[in-house]
Each structure stands twice: as structure tokens, then as C-alpha cells.
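Q: Hi! Could you walk me through this one?
A: Happy to. Here it is.

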Amino acid sequence: MPISQLLCFLCFLTSLSFSDGTQLIIVNNCKESIWPGILGTAGHPTPQEGGFHLPSGEQLLLDVPENWSGRIWGRQGCCFDPSTGKGSCQTGDCAGLLQCRGLGGVPPATLVEMTLATPKSALHFYDVSLVDGFNVPVSMVPIGGSGDGCGVAACEADLNVCCPLNLVVKKQGRVVGCKSACLAAKSDRYCCTGEFANPKSCKPSVFGHLFKAICPRAYSYAFDDSTGLKTCMASRYVITFCPPNLG
Ligand SMILES: *[C@@H]1O[C@H](CO)[C@@H](O)[C@H](O)[C@H]1NC(C)=O
């Protein structure tokens, strides 16, 4: 091999192993298809044009840029026209599009939220949030990683089966989602907005407590930072829909 080609090859290898971004491994362990939706926080890109189909038992490697911030959620029961990419989903729908392209999902939907460092802090923050309700169990787990707060962010239980009647969302006679108290009541008290927008006066509702009891490693209400929010530094994370119970 000529020396110039060899150097080029070495520099290619170096760029692979010192890539600045983070790799997300998105796994569908559910019995049915999931259509993950992705949304970059304002000022951050949205990978995969914001959505894709992930058949049962499959996974997708997603490389996000350095210091990426955004959210990923699962959509279920989707049906899209293959030629136009238009259709609808029973949960997490984004204007009936396969690729959400900057749109969020309709709640209730379990959200995986992350900020993978900022110019001011090298720490990665991530959580699985039930603040906008629940539709599908999901977890986010670092591979290796350093820091005190590395751990499992998850709601592994199916909250749909124990959802209080007044919070249930049904499609075609089946419970597909469970609203949070904030989503159902849309009041400052339950959403921790207005005069309740601080940790002192924002207290978890009865449903916040219920969610927390069933999914202790999820972020169940605004300011639930103590156990819900993880901090770590890892180069790879696994996000699993319908994770096996991680114990
Ligand atoms: C990303 O965050 C790191 C750690 O805080 C910082 O040193 C770096 O400048 C940031 N990079 C960008 C592109 O913002």
C-alpha cells in the first residue's frame, strides 16, 4: 500500500475511534413494531428526519453529534402509505408523518430526554419522563461510562394496565396510553407552572405518586430530579422499548 494511502487509512481509523459524538443504540424488544420519533431541542439537529420504523426484535445505531440534546419517544399502531410517508399512529403521532421533521408527538407518550453535555458541562443528563403521560415502557442505560450518576433511567412496567379510569386513553377499545395528572387537568397545580413553578410548592399529585411507585426510575413530575434524572459520561447508550425487567 502506498504511504499516502496508508496515512489516509490511519486517519480514517482515528476519526472513527475519536468521534466526538455519542452513539445511541435503539432496540425494539416489544412484540409489535415501534416507530420511534426523534426531536432535537431548539438549536440542535433532528437525526433520521425525526422518525423511522423499527420492527420487533430489531435495533438501529444512531450517531448523534457532540453535545446533542433532544428527545425520543415510541409511536405504536402506525400505518403509513409507503409512497407518501403519510398516515397515522395510535400513540405519539406527529401530524400523521413517518418522519416528524421537527414536530413533537401527541401526548400521552413516554419520553426519553437527554442532554449529552453542554459547552459549560461535560456531563450527560438523561431521564425517562412520565410528565407527558405514558404509552410504552422504555429504558436508557449507559454502556460503561464514568460518574456517580450513571444508571438506569426507565419505566419498565406497562402503566396502561393499571391506569386510573379517568386518565385512560383508548383506541379501538384498547387502552393505549395513560395521561399524567398535568395532561388530564391542565392546571398550574398539577403542571407546576404559574405560582406552582418551584420545587417548594410543586408537589407530586396522587397520580405522580402512583407513577413513581410503579416506575421508581422514571421522572414522574416536574422537579423530580432526585431519583429521576441521571448524570453520566459514556460514549454509548442503549435505549430499549419494552425492556426486560432490569431488576
Ligand atoms: C461540548 O461540551 C464540551 C464539554 O463541556 C465543551 O468542551 C465543548 O466545547 C462543547 N462543544 C460544542 C460544539 O459545543
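Q: How many of the contacts are between residues 24 or more positions apart?
A: Among contacts in the protein chain with a separation of 6 or more, 65% join residues 24 or more positions apart. Keep in mind that this is a predicted model.

Q: How confident is the prediction, going by mean pLDDT?
A: The protein chain has a mean pLDDT of 89, with 91% of its residues at 70 or more. Over residues 13–18, though, the pLDDT is below 50, and that stretch makes zero contacts in the model beyond near neighbours in sequence.

Q: What secondary structure does the protein chain have?
A: There are five helices and 14 strands. The radius of gyration is 19 Å, close to the 18 Å from the globule rule for 247 residues, so the chain is as compact as a globular protein of that length.

Q: Switching to the inside: which residues have the most contacts within the largest nonpolar core?
A: Those are Val112, Val128 and Cys155, in a core of 56 residues. Strand 7 (residues 111–118) supplies the largest share of this core, four residues.

Q: And what does Val112 touch, leaving aside neighbours within four places in sequence?
A: Val112 is in contact with Arg71, Ile72, Trp73, Val128, Val138, Met140 and Ile239.

Q: Now helix 4: which residues are buried there?
A: In helix 4 (residues 206–214), Phe207, Gly208 and Phe211 are buried. Viewed down the helix axis they fall within an arc of 105 degrees, so they line one face of helix 4.

Q: What do those buried residues of helix 4 pack against?
A: They pack against helix 2 (181–185). On the face of helix 4 turned away from the buried side, Val206 and Ala213 are exposed.

Terms used: Residues are numbered from 1 along each chain as its sequence is written. This is a predicted model: local features need pLDDT of at least 70, side-chain atom pairs count only at pLDDT 80 or more; totals for chains, interfaces and linings use all residues. pLDDT is the predictor's confidence in each residue, from 0 to 100. Two residues are in contact if their C-beta atoms, placed from the backbone, lie within 7 Å. A nonpolar core is a set of buried Ala, Val, Leu, Ile, Met, Phe, Trp, Tyr and Cys residues joined through C-beta atoms within 7 Å. A residue is buried if 20 or more other C-beta atoms lie within 10 Å of its own, exposed if 12 or fewer, and partly exposed in between; C-beta atoms are placed from the backbone. Helices (H or I, at least four residues) and strands (E, at least two) are DSSP runs, numbered from the N terminus. The arc is that of the directions from the helix axis to the C-beta atoms. The radius of gyration is taken over C-alpha atoms; the globule rule is 2.2 Å times the number of residues to the power 0.38.
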